[in-house]
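Subject: Structure for you to look at

Hello,

Here is the structure I said I would pass on. Please open it beside this message; my notes follow below.

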Amino acid sequence: MEDKVIRKRNCYGEEIDVIYRHSVPLEDINTIPGGWGYYSPMNQRTYVRDGIMCEQDVEITLRDGVKVYADIYRPEGATDIPCILAWSIYGKRPHDMPRPWATYGVPMDAISDGTKFEGPDPYFYCHYGYAVANVDPRGCGHSEGEMPIWGDTEGQDGYDVIEWLSQCEWCNGKIGMAGNSMLAMMQWYIAAEQPPHLAAIAPWEGCSDILREFMCEGGIPAIGFNTFVYKDLGSESPEGLMEDIPAMAVKYPDMNGYWKSKIAKFDQIEVPAYIALGMSHLHARGTLNAFRKMSSKNKWLRIHREFEWPDAYSFEMKHDLLKFFDRYLKNIYNGWELTPKVRLDVMDAYDCDFCKQRPEADFPIPRTVYKKLYLDANAKTLSYDASFEHTCDGYDAQTGEMCFDITFDEDTEISGMMKLKLWAEAQGHDEMDLFITVQKLSADGAFLPTWVFGERHPGAWGKIRASRRHLDEELSSDIQPVLAMDRTEKLSPGEIVPLEIEIYPYSRIWHKGEKLRVRVAGRYIRDPWFEPFSWDTENEGRHVIHTGGCYDSFLQIPVIPPRYQAGDYIYR
């Protein structure tokens, strides 16, 4: 069998050779260690359990005749009810798999076996008068066709399924969408198609620009990691083909029509939206961009410190989302509109928060004061005052690191979008990959991490490949540098180049006497953070950081002043 198949596609006026690979045959899906894709045997039946009816493997025909399959849960005998759609490519019944299934950080008994991976739990929502539809999209499991991953095709397919569900005899004509990660990402594309019966979305933690945020974050390829992500996606379809996103990133490393088709069209999203952003996750950038750019008049953002799974399945957050859906899918006037537009966790240390779900008018916070902390390569410090003296120092590109510290002389809250500007030089090579971490230290210099799952999170992060340093002038702003991703310009011997590095959204308090540290290295230091992220680095020789004089290397921080202060009393 041929490993790769090419399909020509017109993307934003460009004819692109789109690479497909063969999906894993369903009979082989359990031979792959790890991963999360699983597709149950076809079993069209209807059964009732705990008062909830499940119509299993329901056939839905899309506009081009392709048939996809869904499991639809609803309260037995209920009519005139809304439906929540869960859409992703990992399989609709993961709990059927022979190997044990669990969601990390969530007790086994906290989620029913009707729950799609990262999706809404039917055995929760059905008890409150909702239906839940778990769908295997085109090319997944027993659904027909070739598997697209993100973009217009899935958006149009989602449109068709929403309109089909809205016409079911039990449905009140209102459809919502919910779910985390890929289930959130697909909501961007489907909502942008504006299906008439889509009434509300709840995308929690989702990238929205596949090249910049997923395949090549900071310009550094993550081909190996993404090959792992897609390795166990299966299909019974005779075609058995899926878009090979990692192969596309190798063939087309620069921004083109294909990658533009994978950027969500936020200006076309108009339905009410409840968005959640976890500061401990790779989805933070895309989620915030979505909130800032979507056209919805009714949109809310909740920024939290927890990892996505225990957050989504917690008692508090399930009921919070239920209140949102009650308002927009059932038209219950429950006061949801009085929910603050933004709710923010301000982290402190370990599992302690300085503020929990603090109301804000917007994000970035309107009262933000942006300040620059200038790096000194000789003293290894940060300072509000730039040095007139040029100094430089470096580290081994593969094993070393360099740290810059400042001790705050007053309580300082940093909430929002940081950026780091570095003047850098690669000695002994024509490339450099830099990994940045912003951390908090105690007065005596001990690392004060935040805890997630009881493990030490590395801190606020950013990264950049020097040859990909050029910015998109239209998308970039003073608080958010955005890489153009349209060229590769290697470094010449002795060349010192400015690098502007976006730091992902963050919120934390530094108390008087505590230190802020910027750590620069040629590798991702997880220490011992659990996520298996990896990037295909290209580092050799020595990295040199230049500061002072004409080399204005600095960290720009979003400082949040108190709302009110009277003497020693401070209210934030």
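Leu 373 has Leu 555 in strand S31 as its bridge partner. The two strands concerned are S17 (residues 369-376) and S31 (residues 554-559); they run antiparallel and are joined by six bridges. Please keep in mind that this is a predicted model.

S17 also pairs with strand S18 (residues 381-383), again in the antiparallel sense, through three bridges. Here Leu 375 has Leu 382 in S18 as its bridge partner. S17 and S18 form a hairpin, with four residues between the two strands. In that turn, Lys 380 has a positive phi of about 60°.

Elsewhere there is an open sheet of three strands, in the order S1-S2-S12, with antiparallel pairing. Its edge strands are S1 (4-11) and S12 (241-243), each of which pairs on one side only. On average, neighbouring strands in this sheet are turned by 40° against each other, ignoring direction. Strand S2 (residues 14-22) is joined to S12 by three antiparallel bridges. Tyr 20 stands opposite Glu 243 in S12.

When you look at the strands, remember that side chains in a regular strand alternate between the two faces of the sheet.

The last item is a helix. H2 covers residues 152-166, which is 15 residues. From its first C-alpha to its last, H2 reaches 21 Å, close to the 21 Å expected at 1.5 Å a residue. Several residues in H2 are buried, including Val 161, Ile 162 and Leu 165. The buried residues of H2 also include Glu 154, Asp 157, Asp 160 and Glu 163.

Regards

Terms used. Residues are numbered from 1 along each chain as its sequence is written. This is a predicted model: local features need pLDDT of at least 70, side-chain atom pairs count only at pLDDT 80 or more; totals for chains, interfaces and linings use all residues. Side-chain values use heavy atoms; hydrogens and water are left out. The expected span of a helix is 1.5 Å times one less than its number of residues. Buried means under 20% relative accessible area, exposed over 50%, partly exposed in between (1.4 Å probe, protein chains only). Two strands pair if DSSP finds at least two bridges between them. Axes are lines fitted to C-alpha atoms, for helices over the stretch in contact, and angles run from 0 to 180 degrees between N-to-C directions.
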